[in-house]
Amino acid sequence: MLSQDSNDDTEDVSLFDAEEETTNRPRKSKIRHPVASFFHLFFRVSAVVVYLLCELLSTSFIACMVTIILLLSCDFWAVKNVTGRLMVGLRWWNHIDEDGKSHWVFESRKSTPEDNKTVSEAESRIFWLGLIACPILWVIFAFSALFSFRVKWLAVVIMGVVLQGANLYGYIRCKVGSKKNLTSMATSYLGKQFLRQNAGDGQTS
C-alpha cells in the first residue's frame with residue numbers, strides 16, 4: 001500500500017500542531033489520552049483474537065473474514081489519522097498535486113521543551129508496542145497458514161500484514177526521517193569514526 005514508483009516524492013515536515021493542547025506539566029508516565037490509547041490497541045488486538053478463535057466462535061468463514069477485515073480497516077484508519085498524532089506527535093499521509101504527482105508526507109512534531117513536557121512515556125510505550133508487535137503476529141500467522149495449507153486464510157492474514165505493516169513503515173519513516181537523512185547520518189557517522197581512528201593511530205605512531 002505504501003509502494004510508490006520512482007516519480008513519487010516524499011517529504012519530512014514538522015507536524016502543524018496548533019490545535020494540540022500545550023501545558024507546563026512535567027513529563028510523566030501518566031496516560032493523557034486514554035480513549036486514543038484504548039482504541040490504538042482495541043481494534044488490532046480484537047482482530048488477532050477473532051482470527052485465533054474464529055473457528056470456535058462461528059462456523060461461517062465469510063462472517064469471520066468480514067469481521068477481521070472490518071477490525072483491521074478500523075485499526076488502520078484510527079492509528080494512521082488519530083492515535084499517532086495524539087500519542088506520539090507523528091503523522092503520515094499522501095496527497096496528489098495539480099500535476100497528478102503523488103507525494104508521501106511524513107510529519108513529526110518539532111522537538112521543543114514545551115512539547116517534551118506534554119509527551120507521555122506510557123503512551124509512547126503503548127503506541128510503539130502495539131504498532132510493532134501486531135504486524136509480527138500477522139507475519140507469523142501468514143507463515144502458519146501457508147505451511148498448514150490453510151489457503152483460504154491467506155487473503156485475511158496478508159491483509160493484516162499489509163495494513164498494519166503500512167502503518168509501521170509510515171511511523172518509522174516519521175520517527176527517523178527520510179532515506180536521504182538516514183544515508184547522510186550513516187555517512188557522517190562512518191566519517192567521524194574513520195577520522196577518530198586515524199587520529200588515534202597518528203598519536204600512537
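This is a predicted model: local features need pLDDT of at least 70, side-chain atom pairs count only at pLDDT 80 or more; totals for chains, interfaces and linings use all residues.

**Stop 1: helix H1 to helix H2.** Select Arg44 and Asp75. They form a salt bridge, and the closest N and O atoms are 2.9 Å apart. Arg44 lies in helix H1 (residues 34-57) and Asp75 in helix H2 (residues 61-88), so this pair ties together parts that are 31 residues apart in sequence. Now show the surface. Arg44 is buried, with a relative accessible area of 0%, and Asp75 is buried as well, at 0%.

**Stop 2: a loop to helix H1.** Arg150 lies in the loop between helix H4 (121-147) and helix H5 (154-176), while Glu55 is in helix H1, so the pair ties together parts that are 95 residues apart in sequence. On the surface, Glu55 is exposed, with a relative accessible area of 53%, and Arg150 is partly exposed at 28%.

**Stop 3: strand S2 to strand S3.** Select Arg91 and Glu107. Here the side chains meet in a salt bridge, at 2.7 Å from N to O. Arg91 belongs to strand S2 (residues 90-96) and Glu107 to strand S3 (residues 102-108), so the pair ties together parts that are 16 residues apart in sequence. Which of the two partners counts as buried? Glu107 does, at 7% relative accessibility, whereas Arg91 is partly exposed, with a relative accessible area of 24%.

Methods: Residues are numbered from 1 along each chain as its sequence is written. Side-chain values use heavy atoms; hydrogens and water are left out. A salt bridge is a side-chain nitrogen of Lys or Arg within 4 Å of a carboxyl oxygen of Asp or Glu. Helices (H or I, at least four residues) and strands (E, at least two) are DSSP runs, numbered from the N terminus. Buried means under 20% relative accessible area, exposed over 50%, partly exposed in between (1.4 Å probe, protein chains only).
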